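Biologist: I'd like to learn how to read features off a model like this one. Can you walk me through a few?

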Amino acid sequence: MWMEVVVACSVSLAEGIAAELVLEVSAASGGVQIRKNQVVFWVQPEDMAATLSEVENCLTKLAALGWDTGPERVSAGSGAPEEEWRDAWKKYFHVTRLTRQIVVVPSWEEYEAMAVDLPIHLDPGQAFGTGAHASTQLVLTSMQAMADSGYVPEMVFDLGTGSGILAIAAAKFWPQCTIVATDIDPLSISATLENAANNKVEEQIEVSTTDLSLVEGQFPLILANLQAHILRGLVHDLLPRLAAGGDLLLSGILHAQIQPLVDFFCSEGNLELVSITNSELNPDWSSAHLRESGQLQVAE
Ligand SMILES: C[S@@+](CC[C@H](N)C(=O)[O-])C[C@H]1O[C@@H](n2cnc3c(N)ncnc32)[C@H](O)[C@@H]1O
């Protein structure tokens, strides 16, 4: 028997809180389920007390960062037999068009693609990235606009690849391009490998848990859909990976944090702001498109 741990939240914060729980709470590292205004995962009854305390700490930290949440939002729910919880989240994930060309197709559903479509067959497993989250869609929308303008990068770096959704989209937009994708979560690596193979783009994508500080080369396009505080902490390892004149798409950022984050990145490197975009799906989320504007000089 498994017991539910339930975090009540607004629909707009559910994916962000889910991502934080996966990172911060050991019992959630195997994955969480989003049910509109709840984030749910399961623990064995004997682990419940310690897990509730870990979740409370995580929610307290997020509340201090300005998120509309707090330790009072977590509760212990009912139990569920093994087979019921394992695949429960699948009923919330269906074929979805995310851009003019990108259509996400759960690997257990059928879809008859139109000629212009670039379908992404996806089984995120326990990794983040069904494409339902505004932060993912913001990056895909920017990539679609770049592809529509005739832009073709030789290489793309996808930092925090999750299910591999952005790396696979890059492979589909630009079939000649090589993609380096990394994530600190080994579950993301197995999900990305499987999804890349299901989309027949595994030869284009190099995926690993390589620490950002050890990633080699410079990339004309970097995709980084991570939360603002993580991006801040990675700036000195991230900017040297951006090629001269290269484009950097930052997402996973709450609207109130976007301008301070852009200012911070521009103060740390030789960058110019191309655009800030607010999500049409959910105005709480924003992304930024920055461009390296000459000789890159990263502050020590
Ligand atoms: C918000 S998810 C984005 C997933 C996917 N790229 C998307 O757009 O849907 C962020 C991912 O970044 C990963 N991550 C967090 N910190 C990281 C770090 N320091 N280096 C690499 N990946 C990291 C997490 O494990 C998670 O899979």
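Biologist: Which residues does Ser286 touch, not counting residues up to four places away in sequence?

Modeller: First, some ground rules: this is a predicted model, where local features need pLDDT of at least 70, side-chain atom pairs count only at pLDDT 80 or more, and totals for chains, interfaces and linings use all residues. Residues are numbered from 1 along each chain as its sequence is written, and side-chain values use heavy atoms, with hydrogens and water left out. Contact means heavy atoms within 4.5 Å. By that rule Ser286 touches Leu138, Ser251, Gly252, Ile253, His255, Ile258, Thr277 and Asn278.

Biologist: Is Ser286 buried or exposed?

Modeller: Buried means under 20% relative accessible area, exposed over 50%, and partly exposed in between (1.4 Å probe, protein chains only). Ser286 has 0%, so it counts as buried. It sits in strand β14, residues 285–292; strands (E, at least two residues) and helices (H or I, at least four) are DSSP runs numbered from the N terminus.

Biologist: Which side chains make polar contacts with the side chain of Ser286?

Modeller: A polar contact is a pair of N or O atoms within 3.5 Å; within protein, one must be able to donate a hydrogen and the other to accept it, and residues adjacent in sequence count only if both atoms are side-chain atoms. The Ser286 side chain makes one with His255 at 3.0 Å and another with Asn278 at 2.8 Å.

Biologist: On to helices. Which residues of α6 are buried?

Modeller: An α-helix has 3.6 residues a turn, so residues three or four places apart point the same way. In α6 the buried ones are Ser188, Ile189, Ala191, Thr192, Asn195 and Ala196. Down the axis they fall within an arc of 165° (taken from the directions from the helix axis to the C-beta atoms), so they line one face of α6. Their cover includes β7, α5 and β10.

Biologist: And aromatic rings: how many pairs are there?

Modeller: A pair of rings is described by the distance of the centres and the angle of the planes. Rings of Phe, Tyr and Trp (its six-membered ring) pair if their centres lie within 6.5 Å; planes under 30 degrees apart are stacked, over 60 edge-to-face, the rest tilted. The whole structure has 4 aromatic pairs. In one of them, Tyr151 and Trp174 have centres 5.9 Å apart and planes at 80°, so that pair is edge-to-face. Ring pairs link Tyr151, Phe173 and Trp174 into a cluster.
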